[in-house]
Amino acid sequence: MAAPEGSPGPSPGPAPGAVAFESVEASLKAHLQGKDYDEVRRILYGRAYPELKISAEARQMAEKGGYEIQGYEISAQPEQLRAPRKVRVACVQNSIVLPTTAPIEEQKNAIHKKVGGMVEAAALAGANIVCLQETFMMPFAFCTRERLPWTEFAESAEYGPTIKYFSEIAARHGIVIISPILERDESKDDVIWNAAVVISHTGKVIGKSRKNHIPRVGDFNEVMRFHNGLE
């Protein structure tokens, strides 16, 4: 059936023989070599960063979980009064697992399981500190006007289900985890904050930081869901 005049019509789909795009880094490695590869990476990332060797077990976990794992060495300028030391920091970026229409608890549990596996892989790769993304335990709902059901994802920064779940992982692997959540402060009339909780290598909460710069641009108004933080 022909598309109406002026309509874009059906999507043409991928070209014959096209290969699914994996990542910028994978594409660079596949199509560039030697000096060309080094120069393009320099333009994109600055100076060259040597790749770290990732353990086979961590790579197997990543392959099974359907995510990419990479590691790079970033050196700092030597100091005169302090001896250098190596700290491995892992940064995790994740997507949601279930549709946003699924029950809230099921959505959170699915994200916990997925991200928990990613943290485990980072620990196997030698990470000392694992940083999770902003409010990773929920869909990115801050571009909407509705408060519900999104504020139902909020929880305690001390004993909420997300903190309990990742405290156990931190203690088991002896790593520090930065766990950003939507915090519900029951001691202050259920005020909601955008908070980053610091979990020590023993599994104890040792601090938190509350986002104090809240975007207010048209409909993108995060203050509708949480307050400015000063901690």
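How many bridges join β4 to strand β5? Five bridges join β4 to β5 (residues 205-210), and the two strands run antiparallel. Strands are DSSP runs (E, at least two residues), numbered from the N terminus. Strands count as paired if DSSP finds at least two bridges between them.

The model is predicted: local features need pLDDT of at least 70, side-chain atom pairs count only at pLDDT 80 or more, and totals for chains, interfaces and linings use all residues. Residues are numbered from 1 along each chain as its sequence is written, and side-chain values use heavy atoms, with hydrogens and water left out.

In β5, Val205 is the bridge partner of Ile199. The hairpin of β4 and β5 has five residues between the strands. Gly203 there takes a positive phi near 90°.

β4 also pairs with β3, in the antiparallel sense, over nine bridges. Arg184 stands opposite Ile192 in β4. These strands, β3 and β4, form a hairpin with five residues between them. In its turn, Asp189 has a positive phi of about 60°.

Seven of the nine residues of β4 (residues 191-199) are buried, so the strand is largely enclosed by the rest of the structure. Buried means under 20% relative accessible area, with a 1.4 Å probe and protein chains only.

Glu183 lies in β3 (residues 176-185). Glu183 is buried, with a relative accessible area of 1%. Its side chain makes a polar contact with the side chain of Arg210 (2.9 Å). A polar contact is a pair of N or O atoms within 3.5 Å; within protein, one must be able to donate a hydrogen and the other to accept it, and residues adjacent in sequence count only if both atoms are side-chain atoms. Beyond its neighbours within four places in sequence, Glu183 is in contact (heavy atoms within 4.5 Å) with residues including Val191, Trp193 and Lys208.

Notes:
Helices (H or I, at least four residues) and strands (E, at least two) are DSSP runs, numbered from the N terminus. Buried means under 20% relative accessible area, exposed over 50%, partly exposed in between (1.4 Å probe, protein chains only).
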